[in-house]
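Dear colleague,

Please find below the structure that I am handing over to you. My findings follow directly after it.

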Amino acid sequence: MGSKRWTDVGKWALGVWMVAVLLGAFLLDARRLGTLGQGARIIFFHIPTAWVTVLALIVSSVLSIRYLARRRREDDRRAANSAGLGILFCLLATITGSIFARITWGAFWNWDPRETTIFVLLLFYAAYFALRAAVGDEETRATLSAAYNVLGLVVVPFLVFIAPRLPGLAGLHPEPIVNVRGEVDMDAQALLVFLASLVGFTGIYLWAFRLANRIALAEERMNALEEAVGSAAGR
């Protein structure tokens with residue numbers, strides 16, 4: 001079986017998997033969702049998108065380190081693609097979190113510590129893409145943006161995992177999966193759907209990342225071909 005056939009099989013399998021996740025998320029008995037009831041169904045989407053956000057941004061920073069070490073253009077291109085997907089999933093996590101906040105706390109936005117740190121994270125990566133857009137020279141742009149993106153290895157874990165838990169920053173955001181004793185606090189069937197959703201959203205990221213890299217490479221080759229044709233026509 002060729003690689004294209006395996007790719008097609010993988011896409012179909014991912015689609016079927018996500019349909020099963022959606023059915024599980026919406027058909028699961030609400031009594032298995034704990035005290036939050038129907039509103040807890042958002043957990044099956046909010047936490048997986050937040051997880052993929054962290055994964056994509058960390059991958060982006062690692063690829064930037066590879067670029068600085070090897071100076072290969074593809075590493076910079078992949079770093080930018082992964083960062084873009086990370087921001088997309090971050091927005092999805094913010095939207096789903098806002099829906100949960102409206103159901104639970106009565107407002108879409110409350111400047112809870114987690115909401116605040118996510119907002120800062122979005123600003124950090126907005127600056128990353130602004131930097132890429134502001135520098136015209138490809139090599140300079142890649143070097144500067146890679147050096148900036150390396151900071152993500154510190155910024156992302158700090159803003160996502162550490163800052164919201166600092167003393168004095170008690171917020172409204174619950175800890176629905178792991179309780180204060182470090183134990184999993186979720187019904188077995190709900191946990192199964194949740195883990196399946198984590199796997200599914202991770203698969204979506206990997207598929208989208210591969211697709212984005214292929215599109216970016218095709219655009220780069222097309223631009224190089226157009227430049228070559230233009231140079232030949234100008235002689």
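Predicted model: local features only at pLDDT ≥ 70, side-chain atom pairs only at ≥ 80, totals over all residues.

Leaving aside its neighbours within four places in sequence, which residues is serine 61 in contact with? They are Tyr125, Asn149, Gly152 and Leu153, where contact means heavy atoms within 4.5 Å.

Residues are numbered from 1 along each chain as its sequence is written, and side-chain values use heavy atoms, with hydrogens and water left out.

Overall composition

The protein has seven helices and zero strands, helices being DSSP runs of H or I of at least four residues and strands runs of E of at least two, numbered from the N terminus. Along the sequence the pattern reads α-α-α-α-α-α-α. Of the 235 residues, 37% count as buried; buried means under 20% relative accessible area, exposed over 50%, and partly exposed in between, with a 1.4 Å probe and protein chains only. Among contacts between residues at least 6 apart in sequence, 73% join residues at least 24 apart.

Serine 61 belongs to helix 2, residues 43-70. With a relative accessibility of 0%, serine 61 counts as buried.

Helix 2 packs with helix 6 (residues 152-162), the axes coming within 9 Å and crossing at roughly 165°. Axes here are lines fitted to C-alpha atoms, for helices over the stretch in contact, and angles run from 0 to 180 degrees between N-to-C directions. Helix 2 is therefore roughly antiparallel to helix 6, a description used for angles over 145 degrees. The crossing of these two helices is left-handed, that is, the near helix is turned anticlockwise from the far one by less than a right angle. On the side of helix 2 the contact is made by Val54, Leu57, Ile58, Ser61, Val62 and Ile65, and on the side of helix 6 by Gly152, Leu153, Val156, Pro157, Val160 and Phe161. By class, the residues in the contact of helix 2 with helix 6 are 10 nonpolar, two polar and no charged. In this division Ala, Val, Leu, Ile, Met, Phe, Trp, Tyr, Cys and Pro count as nonpolar, Asp, Glu, Lys and Arg as charged, and the others, Gly among them, as polar.

Helix 2 also packs against helix 3 (residues 73-105), at an angle of about 160° and with the axes 7 Å apart. Helix 2 is thus roughly antiparallel to helix 3. This contact has 16 nonpolar, nine polar and six charged residues. The crossing of helix 2 and helix 3 is left-handed.

Two residues in loops

Arginine 71 lies in the loop between helix 2 and helix 3. Its phi is near 60°, a positive value in a residue other than glycine. Most residues other than glycine have a negative phi. Arginine 71 is partly exposed, with a relative accessible area of 45%.

Tryptophan 111 is found in the loop between helix 3 and helix 4 (113-134). The phi of tryptophan 111 is also positive, near 55°. With a relative accessible area of 51%, tryptophan 111 is exposed.

Salt bridges

The count comes to nine salt bridges, each being a side-chain nitrogen of Lys or Arg within 4 Å of a carboxyl oxygen of Asp or Glu.

In one of them arginine 70 pairs with aspartate 75, the closest N and O atoms being 2.8 Å apart. Arginine 70 is partly exposed, at 35% relative accessible area, whereas aspartate 75 is buried, at 0%.

Glutamate 220 takes part in two of the bridges described here. The side chain of arginine 73 meets that of glutamate 220 at 3.7 Å, N to O. Arginine 73 lies in helix 3 and glutamate 220 in helix 7 (residues 188-233), so this pair ties together parts that are 147 residues apart in sequence. Arginine 77 forms a salt bridge with glutamate 220 as well, with closest N and O atoms 2.9 Å apart. Arginine 77 is in helix 3, and this pair links parts of the chain 143 residues apart. Salt bridges that share partners join Arg73, Arg77, Glu138 and Glu220 into one network.

With kind regards

How values were computed
Parallel < 35°, antiparallel > 145°, perpendicular 65-115°, else oblique.
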